[in-house]
Amino acid sequence: MESLYYVATFLCHRTCHHCYEDRFRPYYGAERDRVVGESVANHSRIIENFPDRMTYLDLNDCDPQTGRPREKIGRVILAGGEILLEPVRERVLYSALDLLHQKYGDEVKLIVQTTGDLVTERIVEELLAHHVWQISVSGIDHHHDGLETKDAQEKLVAKLTRIFESRGMEFKPLVAESAGQADAGGRYFSFFGATEEAWIGPLWPRGRAQQNEISKATLRDNFCNRWSGALNFLQYRYQGSEVSIEPNGAVFPCCIKTKAPIGNLLEEKLESILERYVGDPVYEALSMGHPERMGITHGWTVEKFIKASTVKLPSGKLYQNLCVGCDKFHEEVLIPKSKGK
């Protein structure tokens, strides 16, 4: 598989107003113990049920002699919340990195995604010692406290760049399309954020972004039909396939997350979960990036799906996005069906 996005903890040190996941926030006392304990207890079993190999066939790069797609090394992205927070950094992140290295050796690219403000020289050295291939700083935007201005963002980028480069790391804008071309033996860093020019710029209509009515996405913003969406998730042997995994083992076809998971890695292998949906019209539509067609075999015409893609926000304002239609289809058809109703 090309990519696994493993949200290893819900623990975060922020409650950002634009976040797509309500569970990414600070926790305290017994609640923090529960959240941390879930990540600690589950990560080994989750990784055990990852694919036996983290490689994929690149249909855009075929051997001219045989015509066969070249096999390339895939990647596992470990994120939160904030995965560098002290309660989970060693017990979850470093442990998971070691388990992944034991499982795949050099045939995986290990990526750690962090907001960036907790990065120190010592932590960078520790991450590299635990086989990290790339550190991806995701919080470079005005939505994060302390980074509201361009000047503040540039200062953090400059500070982190000095740290990374002093450890022999190289900057690369490693978006999905270029990650397969980067040297597997190199060590890289990158920066991104929810900026206007980024794929996440309009903000996913989820969590606090929707509650606070700051998502600018419209019906034209088909998040399903782009990276981090469900596009190609069933094509797990080939390039472009990615799924998202939660700390409890739940698997989703997109990072935005459907209303219900498609399986759980505490119970079965990832390949078994994906194979179960191959040929299913609902999930094939998602995998092709056309959520508006996911309900056709259940009597949901495209027209009905578009109509269902409307929700009334807390202010009374109407909001439209295809993710809303996907949610309603799950609520009205898929979830009741799974419960035998």
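**Figure 1. The whole chain, seen through its contacts.** Take the contacts (heavy atoms within 4.5 Å) in the chain between residues at least 6 apart in sequence, and 64% of them join residues at least 24 apart. This is a predicted model, where local features need pLDDT of at least 70, side-chain atom pairs count only at pLDDT 80 or more, and totals for chains, interfaces and linings use all residues. Residues are numbered from 1 along each chain as its sequence is written, and side-chain values use heavy atoms, with hydrogens and water left out. The chain has 10 helices and 13 strands; these are DSSP runs numbered from the N terminus, with helices being H or I of at least four residues and strands E of at least two. Its radius of gyration is 20 Å, close to the 20 Å from the globule rule for 341 residues, so the chain is as compact as a globular protein of that length. That radius is taken over C-alpha atoms, and the rule is 2.2 Å times the number of residues to the power 0.38. Of the 341 residues, 54% are buried, meaning under 20% relative accessible area with a 1.4 Å probe and protein chains only.

**Figure 2. Close-up of the largest nonpolar core.** This core holds 102 residues, and Phe50, Leu127 and Phe164 have the most contacts inside it. Helix α2 gives the most to it, with eight residues. A nonpolar core here is a set of buried Ala, Val, Leu, Ile, Met, Phe, Trp, Tyr and Cys residues joined through side-chain atoms within 4.5 Å. Zoom in on Leu127 and you'll find Leu84, Leu93, Tyr94, Leu97, Val112, Val132 and Ile135 touching it, leaving aside residues up to four places away in sequence.

**Figure 3. Close-up of helix α1 and its kink.** Helix α1 runs over residues 29–48 and reaches 30 Å from its first C-alpha to its last, close to the 28 Å expected; the expected span is 1.5 Å times one less than the number of residues. A kink of about 40 degrees is centred on Asn42, the bend being the angle between axes fitted to the seven residues ending there and the seven starting there. Asn42 is also one of the buried residues of α1, which include Val35, Val36 and Ser39 too. Covering them are, among others, β1 (3–7), α2 (86–104) and β9 (242–245).

Figure 4. Ser3 sits in β1 and counts as buried, at 0% relative accessibility. Its side chain makes a polar contact with the side chain of Glu242 (2.6 Å). For that label, a pair of N or O atoms must lie within 3.5 Å; within protein, one must be able to donate a hydrogen and the other to accept it, and residues adjacent in sequence count only if both atoms are side-chain atoms.

**Figure 5. Close-up of helix α10.** The end C-alpha atoms of α10 (residues 322–338) are 22 Å apart, which agrees with the 24 Å its 17 residues should span. At the start of α10, a side-chain oxygen of Asn321 comes within 2.9 Å of the backbone nitrogen of Cys323. Further along, a kink of about 45 degrees is centred on His330. After α10 comes Gly340, with a positive phi near 75 degrees.

Figure 6. Ala209 belongs to α6 (residues 207–211) and is buried, with a relative accessible area of 1%.

Definitions and conventions:
Buried means under 20% relative accessible area, exposed over 50%, partly exposed in between (1.4 Å probe, protein chains only).
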